[in-house]
Each structure stands twice: as C-alpha cells, then as structure tokens.
Amino acid sequence: MSINFSKKTAVSTKELFRQAEFDNILKCVHCGLCLESCPTYRELEDEKDSPRGRLYLMRGLWEGELELEQSVIDPLSRCLDCRACESACPSGVPYGELLEKTRGIILENTPQSLKERVLRNLLLKGLFRYTSIMTAASRILKIYAATGLPKLITKTFIGKLLPKSFVFQQHLLPNCSGESFKRKYADQILSPVFPEKTLHTTQNRKSKIRVGLFSGCIMDVSESAIHESTLTLLRHFGCEVVVPGNQGCCGALHVHSGDRKTAREFALKNLAAFEPRHFDAIITNAAGCGAQLKEYHHLFSDETNGSEQDWVGFENKVIDILEFLSRFPELLESLSWREDQDIVLYDAPCHLMHAQKVDENPRQLLNSLPGVKLVPLKESNWCCGSAGIYNLVQPDLSRAVLKRKTESVRQTLTENPKAKTIITGNPGCLYQIRAGIRSENIDLRILHPAVYLVERLKKLGTSQILSDISVTEAEIQIVDPTPFQEQQTLSTVVIEDELIQYRSISETKPWTLQGCKRGAFGTIPVNHSAGTKIGKLIDHPYKVFFPNLELQDKLAERLVELFNSTGLRQISFDGLEGCERTGHGIYAHHRFVKQCFDGWNMEVVNDASRLLHYLWHIHTRMNWGEPWGASMREGQTEYRFKNQEYFERNLFPRMMGWFQLSLASGDLESTTLSDIEWMLSKCAGFDAGFALFSALDTLENNGQTPMILAAIKDWENARLAGAFTPKLRDKLRHSTSEFHLEKIDQNSWDLYQVDITDAFTHVQQQKQPGEPADEIWTFSNRFGMQPFQFILRVIPDPTTSQNERVINPTFEVGFEQIIFSVDLEPNQYLVCDGHRPSRVYDLNWNFLYDAEPSVDIPQILDGQQEIKFYCHPDTKHQVSVKFKATSNPERLSVPSA
C-alpha cells in the first residue's frame with residue numbers, strides 16, 4: 001500500500017515510508033561493491049554520499065530512526081541517480097526506485113523556499129506541460145544563439161570577466177529548432193522509404209512493423225537532427241512510423257526531483273497517446289526518457305489514479321532506437337553504407353546501460369558499419385554529470401564529475417588521434433559532454449548515434465537539371481544537391497543515356513556539379529534540357545556499379561549460360577549484398593541465386609558468404625573469413641570458430657572458410673608450413689573443411705609449397721579417417737595452439753604439439769665502452785629437455801637504402817656459446833631445427849645455403865630459461881627471433897580397411 005501524496009497527512013516519518021512500500025531496501029547487504037561505481041562518492045569521499053550510505057539513510061527513515069532533517073536530505077539530493085550502483089550490486093537492490101520514492105516523500109512533506117516553488121511551477125509544471133510554451137522558449141534561445149552572444153562569451157576575454165557557471169551554461173545551450181517535431185508530423189502515417197522491405201514481428205505475421213516515435217519535451221524543440229535521423233532510419237528499415245500529436249513529456253525530470261504527482265499525469269497522457277494505436281513498438285532515442293517510460297508502473301499503486309491500467313503491455317513496447325535496429329541485422333546489412341574508414345569514440349549513457357540494461361547491441365551495431373571502428377571511452381560507463389538538470393542545481397559537483405569524463409575523452413583521443421567524433425545516445429549527455437570538451441578546447445564533434453548512422457548512409461537519389469547544358473558543358477547546375485554530396489569511388493551520374501563523372505559539388509547555390517567528364521565509360525555526350533532527371537549511380541570501391549533488377553536478371557542469365565556451356569562446377573556467391581542496393585532488400589539476393597540454380601543443368605557446388613534461410617536448399621556450404629591483408633592466424637579467427645557452432649546447430653556442413661597461401665608482401669610474411677598446419681589443426685579440431693586460395697606463381701615461388709601440399713594431404717587423410725578423438729579435437733580447437741603431424745603409414749600418424757614464442761627483437765645500439773651489447777630473453781619450455789630451436793629473421797631498416805647485413809648471430813644457451821658464421825641480408829631467415837646444419841632461406845622460404853654452427857646444437861632444459869643473443873658490431877638491421885619447443889609425439893591410428 002502506498003500513500004497518496006496529494007493528501008497532506010500528519011503521520012510520522014516511519015509511517016510515511018512504511019506506506020510507500022520500502023521492503024526492497026532490505027536486499028542491501030552493505031557489501032560496498034557499489035562504492036567505486038558512484039561518482040559522488042569518488043568525488044566527495046564521504047560514506048553518506050555513496051549508494052550504501054544513502055540506503056542507510058533511507059532505511060533509517062523507513063525504520064523511524066531518522067527524521068526528515070537537512071543533514072539527511074542533502075546527501076539524498078546530491079545523488080546523480082545514474083544507477084551505476086545497480087549494475088554493480090550483486091543483490092539486485094532497486095536503488096533508483098527507492099531513491100525516487102524517497103525524494104517524493106521529501107518533496108511532499110518538507111517546506112520549500114519561495115524560489116523553489118516558483119521554479120517548480122514555472123519549469124516542471126508549466127514549461128514542460130505545454131508544447132506551445134516549449135516552442136516559444138526554443139525560438140527565444142534560437143534567436144539568442146543567432147546573435148552570436150554565446151560564442152562571444154565563450155570564445156573571447158569576456159568569458160574571463162563573468163562567473164564560470166554562467167560561461168559554462170553558454171556551452172550547455174542546445175541547438176534549438178524553434179519548432180515542434182511532433183506538431184510537424186502529428187498523427188501522419190509516414191510510410192517506408194522502400195515499401196518492398198519487410199520486418200516481421202515474432203508475435204504476428206504482419207507485412208511490416210508499425211511504430212510510434214516518442215518525441216519528449218526538450219528534444220521535441222531542440223536537436224531536430226536526432227528525431228529526423230531516427231525517422232529516416234525507421235523508414236529505411238521498412239517501418240511505418242507515427243508521431244502521436246497528443247503525447248507529452250516522459251516525466252523523468254519530475255520523478256528525479258520528487259514530483260511524482262505531475263509525472264503520473266504525463267504517464268497517463270502518454271499511455272492515452274500510444275496505447276490505443278496498437279503499435280508494435282514505441283521508439284525512443286533518449287536514454288533517460290526510455291528508462292522512465294519503461295518504469296511507469298513504479299509511479300502507480302492501488303490507491304492512485306490509473307492503477308487499473310496494464311503498464312506492462314505499454315512498457316514492453318518501449319525500446320531504444322539502437323536496440324530496435326540491432327534486431328534486424330540482415331536489413332542493416334542491406335542498406336547502402338559509406339565505406340570510408342572512420343574511428344569514432346563511444347560513451348554509454350547511464351540510463352541506457354544501467355537502467356535499461358542495454359549496452360552490447362548498440363556497440364555491436366555501430367562497430368558493424370563498413371569502415372567504422374568503434375572505440376569506447378576509457379571510462380565509458382562513468383557518468384558525465386548531466387543527470388537531467390543536475391548540472392543546473394548542483395553545478396560544482398556536476399562539473400567535478402564532468403572533469404573526469406573529459407579526461408577520459410582526452411586519454412582515449414591520445415591513443416586514437418584520428419578520431420573526430422564522439423557518439424552518445426542521450427541528449428543530456430550530449431549537451432554535457434559537448435560543453436565539457438568545448439570548455440577544454442578538445443577538437444571533437446559529438447553526435448547522437450542516429451545522426452551518425454544517417455550520416456553513414458549513402459545519399460543516393462535523383463534531382464533535375466536547373467538549366468540547359470550543351471555537349472561540352474563541364475559544369476551542371478542541379479535543383480537538389482543531396483544525392484550528389486557524397487563523393488564515391490566513381491562519382492557518376494546518369495542523364496538519359498549519358499554517364500557523367502564529376503569531381504566536386506559547389507558548397508552554395510546554385511548547386512553545381514563541377515569538373516564533369518562527359519560521355520564517361522563509352523557513352524555519348526549529348527545536349528540536355530532544363531528539368532531533365534539526373535540520377536546518382538551507386539558504386540563500390542572495387543570500381544563497379546551496382547545493378548538494378550533487370551541487369552541482375554541479365555547477369556544471372558549469362559552465368560547460367562557460362563556454366564552450362566563450359567561445364568564449370570563451382571561458384572562462390574560472395575558480395576551479393578550488392579543486389580540489395582536497389583531497395584528490394586533480401587528479395588533481390590534470393591532472386592539472383594535462385595535464377596542461377598534453376599538454370600543450371602547439372603549440380604554446381606556453390607557457397608555463400610551469408611547463409612539466408614530461403615537459400616539453404618541451394619547452397620552447398622558457407623564460405624567466409626577474409627584472408628586478404630591479414631596473416632593466416634589473424635583473418636577473422638574468432639568469427640570462423642563461432643560459425644562452426646552455428647553450422648552444427650543447423651545441420652550444415654562445417655566450413656572454416658577461405659585462407660590464402662601467399663608470398664611475402666609489405667608487412668606480411670610468406671605463408672609457411674607452420675601457418676598451414678595451424679589452419680589444418682583448427683579444421684581437424686572442428687572437423688571442418690576449408691578453401692585455400694593461391695596462384696600458380698605463388699606456388700612456384702614459395703619454397704615450402706611441396707611440404708605444404710604434403711601436410712594438407714596428411715592432415716585431411718587423418719581427419720577424414722577419424723584419427724582425432726573428441727578429447728584431442730577439443731585440444732586442437734584452441735586458437736593459440738600449434739601442432740605438427742608426421743605420417744607413419746597409411747593408417748597412423750605422429751602428432752607433435754609445438755610452442756612458438758612471440759618474436760623477440762634486437763636492434764644494434766651504441767653502447768658505452770665495456771657495456772655488454774647482448775640481449776637477454778626468457779622463455780619457458782614445457783616439453784622437457786630437447787635441442788635448441790629458433791627462427792631468426794632479418795627485418796629491413798626502412799630509413800636506409802644501403803644493403804646492410806646481419807653478421808655472425810650468436811646465442812648463449814646455458815653458458816654454452818653457439819655462433820652461426822653467416823652474413824644475412826634483409827628479409828632472409830636463419831632456421832635452426834635442433835640439428836646440424838642450420839639453413840638459410842630467402843623471404844619466400846627458398847633454400848639458399850647451409851649454415852654450420854660453431855658447436856653442436858646445445859640442449860634447452862625443462863621450464864623457464866634465459867637465452868643471450870648478440871651479433872657482430874657492424875650489424876645495422878633489426879633482428880627478430882622466435883624460439884620453438886616440441887613435445888614428444890602422440891601416435892594416432894585408425895584400423896586398416
């Protein structure tokens with residue numbers, strides 16, 4: 001039972017709290033795990049200003065041991081309500097709910113100053129209640145910003161003459177639009193951009209999802225780009241969107257300040273605005289609003305108006321825009337995204353992470369965008385100090401918390417200097433962090449994730465020519481610049497039957513395509529009249545255009561003809577996301593593959609980089625794992641392993657994916673036998689096939705090709721014969737494990753486990769007279785005493801063009817010195833496999849000559865040991881050394897046929 005706060009009752013503090021249902025406070029076991037996650041405790045170092053301390057105070061009020069005195073109220077007022085303590089709490093204490101109930105009791109049962117009463121009536125009960133007043137305030141602030149005064153205050157010496165708090169407030173000002181977003185779109189049915197795209201709910205089989213977009217109060221009249229971008233994304237995803245015109249403020253600011261009565265009014269208003277429309281989802285783009293909408297039931301009880309409403313149904317529909325989009329990865333992939341490289345920093349809003357328990361999916365979604373690398377701030381989970389209007393009512397403490405956040409930004413930026421953008425999913429956090437980095441002169445822009453996502457969408461479409469153009473005209477004036485502002489690889493437009501490439505577009509009206517190359521790609525330049533349609537062609541960095549459906553059909557027809565005529569029997573359907581760029585989504589993907597399959601007059605082994613359910617009856621296997629530009633052990637390794645579980649669950653042939661056998665190129669070394677055996681051991685562990693790509697000249701010029709081909713035959717024969725036991729297969733699966741297999745006869749093999757250390761490096765440096773010039777390296781041998789083994793590589797010095805050499809590399813093993821009398825050139829290898837002689841190879845592992853050591857190869861002991869290394873003083877190049885140790889063999893065998 002809860003007290004009706006609208007009725008003034010003369011009851012004790014204990015009775016007030018008993019009636020407000022505080023039993024959950026007993027969940028706290030006072031372990032203190034919440035302390036380090038609390039911003040106010042970290043700043044003030046006072047137990048009363050920690051979650052545990054505040055729970056002590058609330059429990060004291062609940063049990064009647066404390067009264068509503070200022071010494072009790074102040075710590076409760078200083079809480080940011082960031083709810084990081086809830087994520088840290090092992091007992092599941094609902095701290096936010098308890099704090100907000102307490103603040104409600106405090107507000108209803110303690111006197112307020114005249115200033116507080118005026119501010120509450122003007123702001124919380126007035127401004128946030130009426131859209132017309134919010135719009136008027138937005139227009140005033142927009143005019144104020146247009147005068148240039150905020151910049152004058154923050155950018156010039158004038159700011160030094162004014163109070164710091166006032167100057168900081170200029171940084172905090174939102175980008176006011178001067179109009180209401182919900183009034184602009186009120187109750188319109190906003191159709192999908194591509195009607196062919198469909199999202200399916202799990203509850204029903206509707207052809208599309210119908211969603212309501214929550215616009216809020218301050219957000220409704222400021223940062224219009226956030227709502228517009230959210231709307232754009234939803235419509236691109238195939239959603240039908242409605243912005244209810246009778247919705248209102250979520251009430252979060254009121255709940256945080258204790259005004260639960262006004263918050264209830266807003267809750268009922270929003271329920272009436274959204275629930276009768278039977279939306280599939282209610283989309284929010286403000287973490288604080290979303291958290292409040294999901295917790296409306298906390299405001300109501302048996303004695304309050306509206307308690308009969310089913311809040312669970314409403315709350316279950318509320319979802320953050322990023323969480324919503326992440327539920328449809330295939331549609332996310334089907335959209336046309338920019339592919340230029342971009343590093344962005346990410347800050348997790350408290351009420352998204354801690355209150356809504358949403359964190360992983362937004363990060364994965366943003367990180368999955370082509371070309372985007374998402375870097376969380378050093379303390380991404382740390383509050384920024386905004387907390388609604390906390391930065392206005394507790395300015396000093398708010399700025400102290402913000403300072404830690406800005407330092408986190410600075411540290412993360414130091415490690416990622418190419419980053420130009422911070423992303424955060426809550427407007428309050430956006431305002432606060434923006435103010436913080438501007439105050440500290442940190443050159444970064446800060447965006448809402450929805451705005452960034454739309455920014456990454458390729459701006460494609462059509463416009464019209466503004467005036468007549470002749471055959472030779474190199475500048476073309478257009479009506480709308482939007483589709484052409486993104487410079488792609490080919491930057492090509494089409495006018496009637498002519499293709500035209502352009503170098504740039506003007507920054508102001510009249511919008512003009514500049515530096516045009518007429519008659520591109522063999523088309524014929526002709527005159528065009530004003531008003532003629534001009535369209536942007538979609539292209540790919542591989543310098544190809546994406547086809548429309550008609551051209552896709554023609555391509556499929558030609559592929560069918562090619563295979564049926566020549567007898568080709570294998571194809572990889574990779575890159576078919578290009579089919580979806582027409583706006584027909586996965587349908588275009590399915591259509592292309594099915595046309596090929598239906599046309600072939602024989603069985604064709606075919607694989608795909610993405611397995612779509614409709615095509616499972618066609619594809620022979622999945623084949624994925626980018627080997628290009630990465631070493632064999634680094635090419636999407638974890639993704640390959642994760643796929644095997646997916647294949648096994650779905651009864652699909654297991655496939656480790658593509659690998660590349662290559663020659664040395666750039667920073668990548670030539671593929672070795674140990675690289676291939678690493679791959680083969682993983683395939684044996686997962687009982688999976690693989691695809692190995694190479695070229696004839698690579699096979700001819702890689703000195704280890706004969707051993708590699710033999711190893712492939714031996715490993716695959718053993719795998720297919722069932723020589724690897726389940727226990728051994730589990731051992732083989734580990735990504736860092738290395739093995740070597742030797743054939744004994746047709747039905748038996750010896751398997752060795754191999755340890756290869758990371759590379760130790762030596763760079764010859766000038767030493768003081770008498771100072772030892774050797775390196776001391778430590779590694780651990782876990783396989784017992786055995787001959788010393790190593791792989792030495794000479795790394796070229798990019799700063800010199802001289803043909804410097806490495807002379808007489810020398811090792812000291814257990815006080816025994818072993819010298820290799822060689823004169824090694826850059827990119828050559830010296831390999832000691834524990835036997836005499838050692839051997840020298842070129843950069844592609846072609847044998848050059850034997851290298852006799854000065855003594856017999858010494859033994860290394862079991863366990864940890866030190867190896868000393870040095871070489872001739874004239875050595876200039878960097879030397880890389882990997883040590884190797886090998887286990888005793890394990891005999892594998894299968895019964896003879």
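1. Two strands count as paired if DSSP finds at least two bridges between them; strands (E, at least two residues) and helices (H or I, at least four) are DSSP runs numbered from the N terminus. The model is predicted: local features need pLDDT of at least 70 and side-chain atom pairs pLDDT 80 or more, while totals for chains, interfaces and linings use all residues. Residues are numbered from 1 along each chain as its sequence is written, and side-chain values use heavy atoms, without hydrogens and water.

2. Strand 5 (residues 342-347) runs parallel to strand 7 (residues 421-424), joined by four bridges. Tyr 346 stands opposite Ile 423 of strand 7. Both strands belong to an open, parallel sheet of four strands in the order 6-5-7-8. Its edges are strand 6 (372-376) and strand 8 (445-447), each pairing on one side only.

3. Strand 21 (residues 655-660) also pairs in the parallel sense with strand 22 (residues 689-693), over four bridges. Phe 659 has Leu 692 as its bridge partner.

4. Salt bridges (a side-chain nitrogen of Lys or Arg within 4 Å of a carboxyl oxygen of Asp or Glu) number 39. One of them joins Lys 378 to Glu 415, with the closest N and O atoms 3.0 Å apart. Lys 378 lies in the loop between strand 6 and helix 23 (390-393) and Glu 415 in helix 24 (residues 395-415), so the pair ties together parts 37 residues apart in sequence.

5. Lys 554 and Glu 557 form another salt bridge (3.5 Å, N to O). Both lie in helix 27 (residues 549-566), three residues apart, about one turn of the helix.

6. Arg 654, Asp 687, Glu 716 and Arg 719 are linked in a salt-bridge network.
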